[in-house]
Amino acid sequence: MIQEQVVVGPLQCNCIILGCERTREAVIIDPGDEPNKIISLIENQNLKPKYILHTHAHFDHVAGTAGVREKFNAPTCLHPGDQTLYDNLPMQGRMFGMEFGNTPKLEKLLADEEILTFGDHRLQIVHVPGHSPGSVSFKLLDGSEHIFTGDTLFHRSIGRADLWGGDGRQLIHSIKDRLFRFDDDTQVFPGHGEATRIGEEKRLNPFLT
């Protein structure tokens, strides 16, 4: 499997591109800004995006969606719990002193435990509310033990819960009940910062021990 990461925007969001080596079908996770940077990487790999996926709808994870969607014929996907946030990107920007246009139409609503395919690979949707009502992680079901956690779980940290619809107790519950069920060797690719592993965060994350 092809896996690329490009860091975008002022808040340094990790945009992840996953691709099938055989078919070149791909998914884009969290195109948070700088769409030309993301498009260039995809074109250099000769990939064909099948889905534009969002772990949640905070501005730093969706501000590049319009540019990416304009280039590629791939549906925008989000859990319905975050649709109001997604539809109000300009308002989010104003709260942080930034200017954003509207997001493109949301074309697919993600459901907990749903499985998406791209080429020879599968991703499972794991609903992990807390950072936002519709936060999800994406668990790779084939090959390497990888999970893409957005802003729910970080290297030695967790997501903030003081933004729209955030809930700190629910966030902790989601991590311990939904993410910590995966094998300790599962590699975690968060929405910001460096990768980690489930087992390390069980033992060493000060917010969870």
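Reply: On a 1 Å grid over the protein atoms alone, a cavity is a set of points where a 1.4 Å probe fits but cannot get out; a pocket is an open set with protein on both sides within 12 Å along at least five of seven lines. Lining residues have an atom within 4 Å of a point. This is a predicted model, where local features need pLDDT of at least 70 and side-chain atom pairs 80 or more, while totals for chains, interfaces and linings use all residues. Residues are numbered from 1 along each chain as its sequence is written, and side-chain values use heavy atoms, without hydrogens and water.

Me: Which residues lie nearest the centre of the largest pocket?

Reply: They are Leu11, Asp60, Asp151, Arg160 and Leu163, out of 14 lining residues. The largest pocket holds about 190 Å³ of space.

Me: Why does Arg178 count as buried?

Reply: Buried means under 20% relative accessible area (1.4 Å probe, protein chains only), exposed over 50%, and partly exposed in between. Arg178 counts as buried because its relative accessibility is 13%.

Me: What does Arg178 contact, leaving aside neighbours within four places in sequence?

Reply: Contact means heavy atoms within 4.5 Å. Arg178 is in contact with Asp112, Glu113, Val126, His127, Val128 and His173. The Arg178 side chain reaches the backbone oxygen of His127 at 3.1 Å.

Notes. Points joined across faces, edges and corners; volume = space filled by probe spheres on them. Polar contact = N/O pair within 3.5 Å; in protein donor to acceptor, adjacent residues only side chain to side chain.
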